[in-house]
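This report describes side-chain interactions and packing in a protein structure. The sequence and the structure are shown first.

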Amino acid sequence: MATTAGDVLVETLIDWGADIVFGLPGDGINGIIESLREAKDRIRFIQVRHEEAAAFMACAYAKWTGRLGVCIATSGPGGIHLLNGLYDAKLDGQPVLAITGLQFHDLLHTYTQQDVELDKLFMDVCVYNSRIMGAAHVQNVTELACRTALAYRGVAHITVPVDLQDQPVKKDLRSARNRPDHVSDLMAESAHMPTEDQLARATAILNEGRKIVIMAGRGALGARSEVEAVAERLGAPVVKPLLGKGVLPDNHPYTTGGIGLLGTRPSQEALEECDTLLIVGSSFPYIEYYPKPGKAKCVQIELDPKRVSLRYPVDAALVGDSARVLQALLPKLDHHQDRSFLEKAQAGMSEWLKLMQERGSRTDIPMKPQVVAHELNKLLSDDAIIATDSGTITSWAARHIDIRGNMMFSCSGNLATMACGLPYANAAALAYPGRQVVAFVGDGGLTMLMGELATAVKYNLDVKIVVVKNNVLGQIKWEQMVFLGNPEYGCELQPIDFAAVAKGFGCTGFTIEDPKTCREILQQALATRGPVVIEAVVDPNEPPMPPKVSVEQVAHLAEALARGTPNAGSIALTIASDKVREVI
């Protein structure tokens with residue numbers, strides 16, 4: 001029986017199906033922590049080493065499971081630390097509830113310790129944001145916070161003054177209009193279907209199209225069979241923004257893989273040449289990779305009406321759930337007999353895969369980073385869960401790790417923040433303890449939240465952390481040179497012996513330096529039970545080549561090398577060697 005405000009909050013979370021809370025205790029949330037302790041048989045509290053990781057784990061838990069992710073932090077600095085992970089959830093449309101503490105209600109605005117009004121600080125990140133005013137207020141607010149986060153696929157926030165958390169419910173005077181138990185945990189679902197007029201418009205556009213491309217993003221992850229059926233009906237190649245990597249297996253004959261800077265050449269060429277674009281559950285942000293406005297007719301399927309026509313002018317807008325809309329659309333679509341556009345994309349993909357095979361099979365020393373991803377890919381099970389970080393590491397993962405079977409893949413998509421990879425993987429191991437879980441991360445990203453190795457050890461998570469070590473902030477280095485023509489500056493990292501660090505945390509550590517032993521060591525590491533760190537030492541001068549190199553990019557690189565980029569000769573030699581190998 002709930003007796004305090006904290007009890008009511010925890011009981012309401014349980015009613016809404018929450019079974020895990022990620023966080024770090026603190027004196028600003030002691031009342032809620034006590035309520036979590038008393039309910040520990042029904043809802044788990046997972047202690048992290050940094051509140052940012054708690055928010056990342058809540059976001060990832062929502063991504064991996066489709067359920068509400070919950071995190072908790074103390075007043076002041078603890079709550080502030082949550083923000084980066086909460087923005088990750090906001091920008092990738094994930095339902096997350098953040099719970100924070102406030103200082104004593106009658107000392108707020110008096111310059112007391114940790115006097116930070118977190119509800120005001122969180123205004124931009126939230127779809128729902130409320131401050132608890134007393135024990136009688138908790139149930140209404142928590143119900144609405146859970147409901148809103150799930151309904152609007154965003155961040156909800158509840159902040160509770162510390163002295164109200166253990167306030168007995170019976171001692172808080174309930175207002176006359178606040179009748180007990182007038183809310184419930186019933187989640188209302190809309191039909192998620194577009195109008196017949198828009199369906200008719202979309203049908204006409206797609207039936208008239210001759211060179212059709214489907215762009216399938218994270219909103220299509222639950223619509224694999226429907227995307228496949230529509231692609232077959234239209235003879236359309238499917239391009240996949242990174243968060244949509246799991247929509248179709250990477251070896252599927254209808255997909256040309258990723259799009260954007262870390263995508264494939266066939267995907268980019270398909271978008272450049274198409275006359276019709278069907279966007280399914282994506283707001284892929286890089287406008288420069290879409291067809292030029294006016295070149296292609298566009299149909300967009302999108303659950304959130306405000307995301308329609310953000311990137312490309314739309315001719316038909318189908319607001320609704322991707323799977324349901326595609327099911328309604330499919331019977332209306334003609335079977336396109338002309339497969340020449342698809343066949344051209346498939347031929348291009350065949351050549352691209354040969355190139356990826358060549359890049360992933362190099363035996364050079366220093367080892368090429370592609371080799372690590374290429375060899376890891378061969379050893380992943382068909383239900384593996386892969387989390388990656390932001391940086392050049394994302395390119396290697398996107399291009400050399402193939403989705404197949406029931407594999408899942410995710411990263412920080414629109415926020416593109418570093419440090420998310422390990423917390424994402426830890427969340428996956430907690431959600432699916434029987435599945436293979438791999439964090440494929442860079443040395444820059446891992447270092448930021450390396451303390452979460454302790455979380456993996458504390459809960460004996462079967463997580464394998466492959467850290468590609470080049471001792472440089474690689475993505476920033478190449479952006480400085482290739483996009484701006486500036487010499488590399490401020491990107492070099494102090495080397496860390498990650499295998500030794502891992503052992504200090506209580507993990508098993510491995511090191512790979514020779515591509516000839518890469519597969520063998522990865523195989524041994526993946527077979528080792530519990531948290532394992534595999535340090536792969538790679539060539540810092542290997543560039544993440546874009547799918548198509550522009551004249552401007554070449555000019556900028558030459559300018560950067562001429563103006564004093566460190567190791568300019570080695571970089572030039574590496575790139576020249578790569579291109580010669582590919583031509584031969």
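Predicted model: local features only at pLDDT ≥ 70, side-chain atom pairs only at ≥ 80, totals over all residues.

## Nonpolar cores

The largest nonpolar core comprises 56 residues, and those with the most contacts inside it are Phe22, Trp64, Cys71, Leu86 and Ile465. Helix 3 gives the most to this core, contributing 10 residues. Apart from it lies another core, of 35 residues, which includes Val371, Val372, Val438 and Val538.

The surroundings of Cys71 illustrate the packing in the 56-residue core. When neighbours within four places in sequence are left aside, Cys71 is in contact with Val21, Phe22, Ala54, Ala55, Ala58, Leu82, Leu86, Val96, Leu97, Ala98 and Ile99. Two of these partners, Phe22 and Leu86, are themselves listed with Cys71 among the residues with the most contacts inside the core.

The buried residues are Gly421, Leu422, Pro423, Tyr424, Ala425, Asn426, Ala427, Ala428, Ala429 and Leu430.

The whole structure contains 6 aromatic pairs. One of them joins Phe56 and Tyr424 in an edge-to-face arrangement, with 6.5 Å from centre to centre and 70 degrees between the planes. This pair links distant parts of the chain, since Phe56 belongs to helix 3 (residues 51-65) and Tyr424 to helix 15, 368 residues apart. Both Phe56 and Tyr424 are buried.

## Other ring contacts

Ring pairs also connect Phe284, Tyr286, Tyr290 and Tyr312 into a cluster.

Charged side chains are found over aromatic faces as well. Lys245 lies over the face of Phe409, 5.8 Å from the ring centre. Arg435 is placed over the face of Tyr432, at 5.1 Å from the ring centre.

## Salt bridges

The structure holds 23 salt bridges. Side chains of opposite charge can pair when their charged atoms come close. Within helix 10 (residues 265-273), Arg265 and Glu269 are 4 residues apart and thus separated by about one helical turn. Their side chains meet in a salt bridge, with an N to O distance of 3.0 Å. Arg265 is partly exposed at 37% relative accessibility, and Glu269 is partly exposed at 24%. In helix 12 (residues 340-360), Glu351 and Lys354 are 3 residues apart, again a separation of about one helical turn. Their salt bridge has an N to O distance of 3.5 Å. Glu351 counts as partly exposed at 49% relative accessibility, whereas Lys354 counts as exposed at 52%. An α-helix has 3.6 residues a turn, so residues three or four places apart point the same way.

Arg529 forms a salt bridge with Asp462, the closest N and O atoms being 2.8 Å apart. This pair links distant parts of the chain, 67 residues apart: Arg529 is in the loop between helix 20 (515-526) and strand 18 (532-537), and Asp462 is in the loop between helix 17 (452-458) and strand 16 (463-469). Arg529 is exposed, with a relative accessible area of 60%, while Asp462 is buried at 16% relative accessibility. Elsewhere, salt bridges that share partners join Glu117, Asp119, Lys120 and Arg131 into one network.

Leu91 is located in helix 4 (residues 77-91) and is partly exposed, at 25% relative accessibility. The C-alpha atoms of Leu91 and Gly413 are separated by 7.7 Å, although the two residues are 322 residues apart along the chain. Apart from neighbours within four places in sequence, Leu91 is in contact with Arg307, Asn414 and Leu415.

## Cysteines

The count of disulfides is 0. For Cys59, the nearest cysteine sulfur is that of Cys420, 8.5 Å away; a disulfide would need the two sulfur atoms to lie within 2.5 Å. Cys59 is buried, with a relative accessible area of 0%. Cys491 is likewise in no disulfide, and the nearest cysteine sulfur, again that of Cys420, is 19 Å away. Cys491 counts as buried at 2% relative accessibility.

Technical notes
Residues numbered from 1 in each chain as written. Heavy atoms only, no water. Buried < 20%, exposed > 50% of the residue type's maximum accessible area, 1.4 Å probe, protein only. Helix = DSSP H or I, 4+ residues; strand = E, 2+ residues; numbered from the N terminus. Salt bridge = Lys/Arg side-chain N within 4 Å of Asp/Glu carboxyl O. Contact = heavy atoms within 4.5 Å. Phe/Tyr/Trp six-rings, centres within 6.5 Å; stacked < 30°, edge-to-face > 60°. Lys NZ or Arg CZ within 6 Å of the ring centre and 35° of its normal. Core = buried A, V, L, I, M, F, W, Y, C linked by side-chain atoms within 4.5 Å.
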